[in-house]
Amino acid sequence: MIVLITGASSGFGEAMARRFVSGGRRVIAAARRTDRLARLRGELGERLLPVTMDVTDPASIEQGLARLPEAWRPIDVLINNAGLALGTETAPRCSAAEWMTMIDTNVKGLAAVTHAVLPGMVARDSGLIINLGSIAGRNPYPGGNVYGATKAFVEQFTRNLRADLVGTGVRATDLAPGLVGGTEFSNVRYRGDDAAAAKVYAGATALTPEDIAEAAWWVANLPPRVNITFLEIMPTCQGYGPMVIQRSASVSA
Ligand code: NDP
Ligand code: 8X3
């Protein structure tokens, strides 16, 4: 089994690379930070193939895939994991550039890599695409604006892939985690502010990247007749909040 993981230089992607290689699979590890991929190759050996790829750059995707050695071309599992959130400001205070970066990465990047890999899967009548969604795709929260919307795209895109791929052996899954620590996600979201990033997990027993990797491993190793369409995973300490109603000051509580 050959597995292409985008965003394999950190967090979930790195943990998934470890999980799939330790399970005997071959992993194409794609990301922008080549030094980190080289380190992972040093750790995991020749079953891991590092590929420099910026999913926001169509030429980079094309080159990364075109340069794959012949034996690594029939990709069985694509894990569209590369993604990011930038900022927690409410919409009127957000940076337009950061909004566009999230859309370019989480929406356009995910769609572009899928578009490049899917025809081979369909031709082989076999394959699996695991897209990293989020609970933010279904559950609005202040400051989630464009990030949550990109993950809503991921969910509906995955469902629409299912609609288009019925009759082929190609499967599609939206893996939608809640609070997961031990990755760079919050540090990126808070633009390098370590203290603000740490607060997100303070006093909480968050999920780990290994939990998410285990879920991906499970999805990828089910019998070919089984398609997990949507898999939401939250830590036990996390739940849903109520709707809010802004009442006028004249109404007493
Ligand atoms: P990390 O920040 O640890 O990892 C993100 C990965 O994406 C990095 O390897 C980074 O690599 C890669 N990446 C970012 N931009 C690009 C790009 N333009 N091209 C290629 N690779 C890119 O975050 P997580 O592991 O936590 O997150 C992984 C995914 O899971 C994301 O899609 C995120 O939205 C989602 N998620 C995370 C949750 C969490 O709580 N952590 C919860 C729910 C979903 P590099 O910089 O080297 O390119
Ligand atoms: C990350 C989870 O709740 O921070 O996708 O948006 S959340």
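Residues are numbered from 1 along each chain as its sequence is written, and chains are lettered from A and ligands numbered from 1 in the order in which they are written. In this predicted model, local features need pLDDT of at least 70, side-chain atom pairs count only at pLDDT 80 or more, and totals for chains, interfaces and linings use all residues, while side-chain values use heavy atoms, without hydrogens and water.

**Exercise 1. Describe the shell around ligand 1.**

Step 1. A residue is near a molecule if one of its heavy atoms lies within 4 Å of it. The shell holds 28 residues, and Ser 9, Ser 10, Arg 32, Tyr 147 and Thr 183 come nearest.

Step 2. By class, the shell has 11 nonpolar, 12 polar and five charged residues. Here Ala, Val, Leu, Ile, Met, Phe, Trp, Tyr, Cys and Pro count as nonpolar, Asp, Glu, Lys and Arg as charged, and the others, Gly among them, as polar.

Step 3. At least two shell residues come from each of α1 (11-22) and α5 (145-165); helices (H or I, at least four residues) and strands (E, at least two) are DSSP runs, numbered from the N terminus.

**Exercise 2. Locate ligand 1 and characterise the largest pocket.**

Step 1. On a 1 Å grid over the protein atoms alone, a pocket is an open set of points where a 1.4 Å probe fits, with protein on both sides within 12 Å along at least five of seven lines; lining residues have an atom within 4 Å of a point. Ligand 1 sits in the largest pocket, meaning that more than half of its atoms lie within 2 Å of the grid points.

Step 2. The space in this pocket is about 1000 Å³, a volume filled by probe spheres set on points joined across faces, edges and corners.

Step 3. Its lining has 44 residues, with Gly 83, Leu 84, Tyr 147, Thr 183 and Phe 185 nearest the centre. The largest share, four residues, is supplied by α6.
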